[in-house]
Amino acid sequence: MPRAVRFSRYGGPEVLEIAEVDRPRAGHGQVVVDVVAAALNPGEIGIREGVFAAIWPARFPEGQGNDFAGHVAEVGDGVTGFAVGDEVLGFAPRAAQADVVVAGPGALTAKPAGLGWAEAASVAGAGATAWAGVEAVDPRPGETVVVSAAAGGVGVIAAQLARLRGVTVLGTASEGNFGFLRGLGIQPVTYGPGLADRLRAAAPQGVDVYLDTFGAGNVDTAIALGVRPDRINTIADGRAVQRYGVHSAAQEQADDPVVWARLAALAAQGEITIPIAAVYPLERVRDAYRDLATRHVSGKRVLAVKPLPEFEGDHR
Ligand SMILES: NC(=O)c1ccc[n+]([C@@H]2O[C@H](COP(=O)([O-])OP(=O)(O)OC[C@H]3O[C@@H](n4cnc5c(N)ncnc54)[C@H](OP(=O)(O)O)[C@@H]3O)[C@@H](O)[C@H]2O)c1
């Protein structure tokens, strides 16, 4: 029987189980996808721990994961544009970490043949979130852009999308990620106390745009540096959005297969890299979330629902 990640009470990674579930069929207007890879995102930790229960309650037994890539296995009546065997990527809220998902055609787009499965599985989540933030602040050639947590899943994509617009990108990170970021054309700066002074020294010309993907006072730093609120986006600081009126564009604002296709094409063509920090087999989902919760990474952590030949021997 197909497997799916489930949890039946709020708690730590130990509440996560691999359940056997019935194989879904494609109803009218639906597509069934055999999942190959599904990404992990920090927001899923908060949902599973019950931190967001007031706004996004779980319906037990709850599924997990949103963004995935796989093969079309069945196409329901009324669906055009997809056929059995197509390689696709998409978004299945709280359902993606499973052997099989059901999605509407509006939640899928074609996976370019040249794009790896783990990378493709990260497009509709971290990729779309990064895209939305960059679009909101519209960096222009010659400008200087700061990205906080630039080695994180969203930050590393946002920083590269900004670079494509002909800007200088400063990315905050810990020292272990400095070489990684430099390899992507991003100038690293240490986060933490004294950040504003380090950014002033690194960008004597001034900072035009600030993409915050971590919270923890980054928007305050941006304001202190003189960045205009309409050139600041945060995906992790609701208080700063209220206080300063900065943008909060995130996944929802780029929840669009057209955007995913553009991102996937950029990645397949090598215009951007979606770095894969670690791949875990589905049955090691608890370990994957323990590692994710450290909040230190170089790119994306992804679950291999089916074996990923390109990561053979490289699974955590
Ligand atoms: N609303 C949405 O649609 C949406 C969608 C996706 C994500 N998000 C949110 O966006 C945030 C980022 O997500 P993500 O997937 O990019 O997370 P992630 O991959 O877990 O980000 C980890 C990064 O954070 C950095 N970091 C750790 N401590 C830091 C600190 N004190 N100051 C600055 N950076 C620090 C780490 O840098 P080093 O490894 O270099 O130490 C690491 O690279 C999360 O809060 C997530 O919930 C929102």
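Asp220 is partly exposed, with a relative accessible area of 25% (buried means under 20%, exposed over 50%, partly exposed in between, with a 1.4 Å probe and protein chains only). The model is predicted, so local features need pLDDT of at least 70 and side-chain atom pairs count only at pLDDT 80 or more, whereas totals for chains, interfaces and linings use all residues. Residues are numbered from 1 along each chain as its sequence is written, and side-chain values use heavy atoms, with hydrogens and water left out.

**Salt bridges**

- The structure holds 19 salt bridges, a salt bridge being a side-chain nitrogen of Lys or Arg within 4 Å of a carboxyl oxygen of Asp or Glu.
- Asp220 pairs with Arg243 in a salt bridge whose closest N and O atoms are 3.7 Å apart. Because Asp220 lies in helix H7 (residues 218-224) and Arg243 in helix H8 (residues 238-244), the pair ties together parts that are 23 residues apart in sequence. Helices (H or I, at least four residues) and strands (E, at least two) are DSSP runs, numbered from the N terminus. Arg243 counts as exposed, at 56% relative accessibility.
- Arg3 and Asp99 meet through their side chains in a salt bridge (2.9 Å, N to O). Arg3 lies in strand E1, and Asp99 in the loop between strand E6 (87-91) and strand E7 (100-103), so this pair ties together parts that are 96 residues apart in sequence. Arg3 is partly exposed, with a relative accessible area of 24%, whereas Asp99 is buried, at 11%.
- Glu135 and Arg165 form a salt bridge, with 3.0 Å between the closest N and O atoms. Glu135 belongs to helix H3 (residues 123-137) and Arg165 to the loop between helix H4 (153-163) and strand E10 (168-173), so the pair ties together parts that are 30 residues apart in sequence. Glu135 counts as partly exposed at 42% relative accessibility, and Arg165 counts as partly exposed at 22%.

**Sheet and annotated domain**

- An open sheet of three strands has the order E2-E1-E4, with antiparallel pairing; two strands pair if DSSP finds at least two bridges between them. Strand E2 (17-20) and strand E4 (62-63) stand at the edges with a single partner strand each, so one side of each is left without a neighbour in the sheet.
- Strand E1 (residues 3-7) pairs with E4 in the antiparallel sense over two bridges, and Phe7 stands opposite Glu62 in E4.
- An unreviewed UniProt entry carries the annotation "domain: Enoyl reductase (ER)" for residues 11-303. The end C-alpha atoms of residues 11-303 lie 20 Å apart, and the span is 29% helix and 23% strand.

**Cavities**

- The structure holds two cavities of 30 Å³ or more. A cavity is a set of points on a 1 Å grid over the protein atoms alone where a 1.4 Å probe fits but cannot get out, and lining residues have an atom within 4 Å of a point. A volume is the space filled by probe spheres set on the points, which are joined across faces, edges and corners.
- The largest cavity has a volume of about 60 Å³. H3 gives the most to its lining, with four residues.
- The second largest cavity has a volume of about 50 Å³. Among its lining residues are Phe7, Glu44, Gly63 and Arg94.

Notes
UniProt positions are given in the numbering used here, feature names are shortened, and annotations may be inferred rather than shown by experiment. On a 1 Å grid over the protein atoms alone, a cavity is a set of points where a 1.4 Å probe fits but cannot get out, and a pocket is an open set with protein on both sides within 12 Å along at least five of seven lines; lining residues have an atom within 4 Å of a point.
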